[in-house]
Amino acid sequence: MVDFLAENNLCGQAVLRIVSRGNAIIAELLRLSEFIPTVFRLRDKNDQQKYGDIICDFSYFKGPEYYEGKLEAKPELQDLDEEFRENNIEILTRFYLAFESVHKYIMDLKRYLDDLHEGVYIQQTLETVIINEDGKQLLCEALYLYGVMLTVIDQKIEGEVRERMLVSYYRYSAARSSADSNLDDICKLLRSTGYSSQPGAKRPPGYPESYFQRVPVSQTFVSMVIGRLRSDDIYNQVSAYPLPEHRSTALANQASMLYVCLYFTPSILQTQQAKMREIVDKYFPDNWVISIYMGITVNLVEAWEPYKAAKTALNYTLDTANIKEQACRYAEGMEILKPKVQQLLKEGFLREEIILDNIPKLLNCLRDCNVAIRWLMLHTAESAYDVNNKRLRQIKDQVMTDSKYKPRMLFQLLLDTAQFEFTLKEMFKQMLLEKQIKWESYKKEGSERMTELAEVFSGVKPLTRVEKNENLQAWFREISKQIESLNYEDSTAAGRKTVQLIQALVEVQEFHQLESNLQVCQFLADTRKFLHQMIRTINIKEEVLITMQIVGDLSYAWQIIDSFTSIMQESIRVNPSMVTKLRATFLKLASALDLPLLRINQANSPDLLSVSQFYSGELVAYVRKVLQIIPDSMFTSLAKIIKLQIHDITEVPTRLDKDKLKDYSQLVPRYEVDPKQLLEDGIRKELVRRVAYALHKGLIFNPKAKASELMPKLKEMAATMDGFYRSFEYIQDYVSIYGLKIWQEEVSRIINYNVEQECNSFLRTKIQDWQSVYQSTHIPIPKFPSVDESATFIGRLCREVLRITDPKATCFMDQLNTWYDLKSHQEVTSNRLFSEIQDTLGTFGLNGLDRLLCFMIVKELQNFLTVLQRSILRDKAVVEVFKGMMTAANPVQGIVANASKVYANATAKTQKIWGGYLEAIMKVGQMQILRQQIAHELNYSCKFDSKHLAAALDNINKSLLADIEAHYQDPSLPYPKEDTLLYEITAYLEAAGVHNPLNKIYITTKRLPYFPIVNFLFVIAQLPKLQYTKNIGMTCRKPADPVDWPPLVLGLLTLLKQFHSRYTEQFLALIGQFIRSIMEQCTSQKIPDMPSDVVGALMLLEDYVKYTKLPRKVAEAHVPSFIFDEFRTVL
C-alpha cells in the first residue's frame, strides 16, 4: 500500500495540508494578538467619548440604518469616521483574513470528511484512515487544532473587541457587497462568547462546548478521534519512557489533545463516568495542570468544575493523600537528582567510554530530571491557579509545602539538566559521525593482533619461551579471518558473532594454559578489548538521540519560563559565566519550535518561513529580555561615570606639559567591563531607555512659572546628555564597540520617533508604531504618558518656545535677534536659545523642531482659511464693504478720491473680523521667525563642524538650480531627472539650514474672491496700532493692544506666498495706491509731515523687498521714487 504521506497519496496530502495550515493559523492569531489597536477596547474615557459613535459591536447589525444615520447627521463624525478608516483598514483587513482562515479551516476539514464518506479517495474511508498510523495522528491533530484556534482567539482577542473589529471591517471594506463573502458565517462563529481572560472573571454557562459547536462537526468523526486518543499511544511515546511512573508524561501531548477534543462531545464530560474514569486513570492519575499548545496552560480542577462525570473522576487524583504522595515523590527526586547531575557535569567526567557503557543509566537520569522539572513547573505555575478560587489556592499551597518548592532550586536543576542534555547530545552526535570509522579501526586492530599471535605460534617470530604449535597457529589465523569477515552493515549478526569470538578467546586462554605467558595474555586481552569496543560502538544508535529529543521537550514551559526571568538575571549579575549554561536552556526551549513546524515542513508549505520566524522571533525576544541585565549592569556603572564626568572631572587641555600631567590624574579606580558580556543590541536598548527617560523627565515645563524654566532646563539637560556622550566615548574601547556611532544612531532615532509621534496629531493618516521606520521591536523606544496637550518632549519644548516668544506678550527685534517683554522691556530670550537646543538635542533636535513648526504652520494656515471662507466671506455686510472698496480702488493705478474717509470707513465697518485674523497671521509669522532662527543656527553649526559637507551641499544646490533654470529658459536642455535626488537633497539642505522658510509652499489653495482687498484692509486696520521709532523701527503703540511688526509682516508674506503671485501683485498695488492717495491728500491740504500710516505702509514695502530678496523695482512700480526718497529722510 502507498505510504499515507507520499506525495502521490491525495488522501494523505489533503489532510496534511489542512493540519499544516492549522498550525500556521494559530501562529498568525498569536502574532496579531500583539497588534490589537487599543482603541477597539474602548477602555479609556477619551476613546469612549471620541470613538463611541463610530465603533459598534454586533448590535449594529440590528439596525445599521440607525447607526449610519447618526454619522450622517454630524459632518465632524463623518470626518472622524473617514480618518479612522484610513488609519485602521490595513490592520482590520489582516485580522479579518485571520478570522476568515479559521472558518475556512473548519469548512475544509468538513469537506474532507464528506469526501472520505462519499468515496472520493479510492479505497480510503474514515475507518481506513484512522487505522493508519499517520492518518490517525493527522485526523486527531486536525480536530485538536481547530479547538486550539478557538481557544486562542477567545483568550487573546476579547469577544467585544472581535465584534467591534468585524463590524468596522464590514463597514469600511467592500466585503459586504461581494456575493461570495462569508462574513455572516464568520460573525456567527466568532461572536462574543462572554468569556474573559481577566482574573476573577466568571465563566459563561455552557462554555466552551457551545462555542465549539457553532460550526457542527460530524459526531462519528469526533467519537472515532476520541476513541483513538483514549485507547492508543498514537505517537508511540511510551517506548521513550519505559518506566510505568513516567506514563502520564509520555502521553502528555496526547492528553492535551484529548482534553481539547472532549469539548466537541460534552456528554462524555457530563455523564459518562466510566469513560472519564478510564481517561483520568490513564492520562491524569498524578497531574492536573496541562499545557495544551505552546505553553498555554489549563488547570483541570477549574476547567472540569461544571462537568459532573469529569469532576468526579478527577477527585481521585485530587485526593489530599495522592497530591501529597506526588509532591513528596518529586521533592525526594529533586534531592537525589541535583547532586547526581552536578556530578555528571564535572569537567572530564562524561567521557566516551563512560557514555557507551552507561547509555541506559544516563537516559534514565535524563528522564527523571525532565519529568520532575515538568511536574513541578506546571503544578507550581502562578498562571495555572486563579487566586480567587479557594480550592485551587488550597491545592497550590499543599503542592508548594509538600514538594518543598524553591524556584531557585528548580531553576538550577533545569539549568544543569539542559547543560547535561546538551553535552550528551553533542558527544553522541560526534560518536554517530565517527561510528563506522572507529568500528573498522577496532576490527583491523583485533584482526592484526590475532595474525601476530598465529605467527608467534609458527615458531618463526621470536617470542621468549613460546613453542611451535601448529594447531594454535591455525586457530588464531581462523579467528583473525572471522574478525576480518565481520560486516558493519549487518550489525545484529556482527554483534552476535563478536560475543562468540570474545568467549572463544577467553576459553583458549584457559584450556591451552596460555596464562603462563604474559605477552600472549596481553595480546588476547587487547583483542578482547577491541572486540568489546566494537560491540559498544555498534550500539551507538540514532534512536538514543530521538529518545533524548522526546524526553527533553520543554514546549510546555514556552510561557511559564518567563516567571524565572528575574532569577536568571540575578544569577547573571552575580556570576556572568552563567550565560554559557543559559545557552543550553535556551536551546532546550528552542526544541519547542519543532511542534508547530513539523507538519508545515512535511507539507512543504510556504508558511514555514513566516511561522518559524514568528516563534524564533518570540524566543530571541525572550533571550534579549533575559540578557538585558548585562547592559543594565553596565549602565549602572556608566551612571557613576556620568556623575564623575559632570561633577568631578575637569576637561584635560589638548596640550599639556609632561610635569603637569600628574595634576590631571583624576580617576583612581578604573571601570573595566568584560566585552564578552556585552551585546550591542542590549547596550542600544538600555541607552535608548535611559536617554528617552532623561529627555521625557528633563523637558517638562511649568507654564505658570514666573520666569521661564526653558533655559535652565535646557542647560541641565545639555549637561546630562554631554555626560552620557562622554561616558559612552569613555567606555567604547573597553567594550569594543563603536560607541559614538551607536550614540548618534540611537539619539537621532529617539528624537525622530518623538517628532513623528508629535506630528501624528496633525496628520489625518497616523503613522502607527509598527509602521514607523524609527521604532523597533528589538530596541523599542519607550512611550511615556503625555503630561499636557503635547504627546512627547519635543512637543513640550516647541510649545514652551512658542509660549515665551508669544507676539502678544513680546516684541521681536530683528536686528538683535532678540525677544523683549512688551511691558517690562526686559530680554526674554534670544538666538542663544537655539544654540542651547543644539547643545542639548543636537542637529536632529533642531531639525525635528523645525519639522514640527512646519506642521503647526500648515495647521494654522488651514484653520485660518477655513475661518476666512466659512465666516468672513459669508458675512454679507462685510462682503459689501469689500465690493465698495474694489469699486473705489478701481483703477488701481489711479488715486482714491477722499482717501482718508474711504479707508477709515472701510476699516471701521470690518473692525470685528480682524481680531482672529491678526492672531492667526501673527502665529504664522512667529513660527516663521523661529524657523529662520533654526535655519541660521543649523547653517552656522554645519559650516563650523562640517565645512566640507556645507560646501558640497551649497555647490550641488547651485548646480541643480542652474540646471532647472536653464531647462525653463530652453526646454531642450535636460531637467534633473532623478526623482529621489531632489527629494533627498532637500532633506540634507534643511538639515544644514540651507533653505528659506519664507519661500516654502505649506498648503495648496483655491482661488478666493476679494483676497487682496481683505489683506490690504487688514494691514491698514493694523497700522494705527503701530508707530515708527528711529532706532528700533516699527513698534507697538500701546502694550494693551499688542501688535508685533516682524511676525505681522512675515505672517502676511507667508499667507500671500500660498496663493498665485497675481494676488501679491494686486495687494502691493493696493498698498501703493493707499500711499499715493494719502500723500496726495496731505499735499493738497498742505500737511508737511508724512502720516504715520504711510510710514508704516512704506516700511511694509521695504520689509517685503528685504525678506523676499526681490529687486527694489517691485516696490517702486507702485510708489514713485520721490516718496521713497522723502521717506528715507524720515528714517
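The model is predicted: local features need pLDDT of at least 70, side-chain atom pairs count only at pLDDT 80 or more, and totals for chains, interfaces and linings use all residues. Residues are numbered from 1 along each chain as its sequence is written, and side-chain values use heavy atoms, without hydrogens and water.

A cavity is a set of points, on a 1 Å grid over the protein atoms alone, where a 1.4 Å probe fits but cannot get out. Volume is the space filled by probe spheres set on the points, which are joined across faces, edges and corners. The whole structure holds five cavities of 30 Å³ or more. The largest cavity has about 150 Å³ of space. Its lining (residues with an atom within 4 Å of a point) counts 18 residues, and Ser248, Thr249, Ala252, Asn287 and Arg374 are the closest to the centre.

Which element gives the largest share of that lining? Helix α19 does, with five residues. Helices (DSSP runs of H or I, at least four residues) and strands (E, at least two) are numbered from the N terminus. At least two lining residues each come from α11 (247-250), α12 (252-262), β1 (289-293) and α19 (359-379).

Now the cysteines. A disulfide here is a pair of cysteine sulfur atoms within 2.5 Å. The count is zero.

Note on methods: 1 Å grid on protein atoms, 1.4 Å probe; cavity = no way out; pocket = protein on both sides within 12 Å on 5 of 7 lines; lining within 4 Å.
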